[in-house]
Amino acid sequence: MKNPERKKAAAGSPEPRSGPGDYSANPRTALNVPAECGGQRLDQILALLLAQHSRSRLQGWIRAGRVAVGGTTVLEPRQRLWAGETIEMAEAADERAESSTPEDIPLQVVYEDESLLVIDKPAGLVVHPGNGNWSGTVLNALLHRSPELGRLPRAGIVHRLDKDTSGLMVVARTLEAQTDLVRQLQARSVRRHYLAVARGRVESSGTVDAPIGRHPTQRTRMAVVSTGKPARTHYRVLERFVDCTLLECELESGRTHQIRVHMTAAGHPLLGDPTYGSGVNRLPKGLAFPRQALHASRLALLHPLTGAAMLWRSDLPADMAALLELLRRQAPLACADQPVADQSHGDHGDEETWRGQAEANLADDDDEDEDGDLVAP
């Protein structure tokens, strides 16, 4: 599609331009809009021509004034371009990752290749620097172990676990792998299963399908709110105790504190959770536990380079294993729906079925959330 004739600006009126920051020192990319892209949106064209970057990242750079079309800065990702127009973009480094100091913090790596690594995070370790935690994080540890990750946004981190949640996390080692993993998360083809101990006796398995957003008055907490983002959590009863239930939870989305918020909304907050569930007075408090009883036990995805279906499992950490032993001694006659060691029933079909569904989800994922974070919480 060729550029239609445009009306000339009124005499003496300046060409519209928004003043971006001085990005002259940043790597710059110059592109021409191909004929087959004529009439498409700016963010769509950039996502096609620069496949190593996610559309969310490109949209952020556009809004930050890092993209110019024909020499004029454009701040609207939806602006449509025409064949032959020139685009210039100043890439942005991840300033927080650049300013982070590598620290010799041990990481338990369960898998590693040229594209990704999978770690088993202990409870108590913050994933990414933030308010009150500018050091001693997974990001600092990654920069020490693999300094080349400093060139990637967030040192390759694509999703996070709460500080006091333990278990499996995947980290990208290349920009291409990071973009692919982010797109898999957005397409919901990454499967994440957690083991959780909830307060009260959960009578049956089920699903919580409720939007999650910031709490209207307590801004450091999340809550089920009508204006929140869609969120869905499936939970399955594994074992019941006197006043607690062992659950396996599977995420379809990845909202901040999702399992903790959803199980509280279902009337069964997690044992030991210091933030949620304090208002559920009808439930016994259960045994004392120093953190939320939540562990990311299984992670499945399609390898970003080969497309092979990958699956990792993590055993319960010592504190949760000891908790379960104590709960079992308290209730020797408790009803067990499934032995805790048998988690095969949570697969919901064989690997080929999952792989086919994951590929279909990715093929249908043409419209990413424009305000979606690179990191899926």
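**Close-up 1. Glu248, a buried residue in a strand.** In this predicted model, Glu248 has a relative accessible area of 4%, so it counts as buried. Look for Glu248 in strand S13, which covers residues 244-251. Which side chain does the side chain of Glu248 meet in a polar contact of 3.1 Å? The partner is Arg298.

Close-up 2. Arg298 is part of strand S14, residues 294-302. Is Arg298 buried or exposed? Its relative accessibility is 3%, which is under the 20% cut-off, so Arg298 is buried. The side chain of Arg298 has a polar contact of 2.9 Å with the side chain of His193, and another, of 3.1 Å, with that of Glu248.

**Close-up 3. The largest nonpolar core.** How many residues make up the largest nonpolar core? There are 34, and those with the most contacts inside this core are Leu142, Tyr194, Tyr235, Leu247, Cys249, Ile259 and Leu270. At least two residues each come from strands S6 (116-121), S7 (166-172), S8 (191-199), S12 (232-240), S13 and S14, and from helices H4 (138-145) and H6 (258-265). Which of these elements gives the most to the core? It is H4, with five residues.

**Close-up 4. Leu270 and its contacts.** Here is one of the core residues with the most contacts inside the core. Setting aside neighbours within four places in sequence, Leu270 touches Ala196, Val197, Ala198 and Arg199, as well as Ile259, Arg260 and Met263. Gln292, Ala293 and Leu294 are also in contact with Leu270.

**Close-up 5. An open sheet of four strands.** Follow the strands in the order S1-S4-S2-S3, and you will find antiparallel pairing. Why is one side of S1 and one side of S3 left without a neighbour in the sheet? Strands S1 (28-32) and S3 (72-73) stand at the edges, and each has a single partner strand, so one side of each has no neighbour there. Strands of a sheet pair through backbone hydrogen bonds, in a parallel or an antiparallel way.

**Close-up 6. S1, S4 and the helix across them.** Five bridges link S1 with strand S4 (residues 86-90) in the antiparallel sense. For Leu31, the bridge partner in S4 is Ile87. Helix H1 (residues 42-49) lies across S1, strand S2 (67-69) and S4. At what angle does H1 run to S4? The angle is about 75°.

Methods. Residues numbered from 1 in each chain as written. Predicted model: local features only at pLDDT ≥ 70, side-chain atom pairs only at ≥ 80, totals over all residues. Heavy atoms only, no water. Buried < 20%, exposed > 50% of the residue type's maximum accessible area, 1.4 Å probe, protein only. Polar contact = N/O pair within 3.5 Å; in protein donor to acceptor, adjacent residues only side chain to side chain. Core = buried A, V, L, I, M, F, W, Y, C linked by side-chain atoms within 4.5 Å. Contact = heavy atoms within 4.5 Å. Pairing = 2+ DSSP bridges. Axes fitted to C-alpha atoms, helices over the stretch in contact; angles between N-to-C directions.
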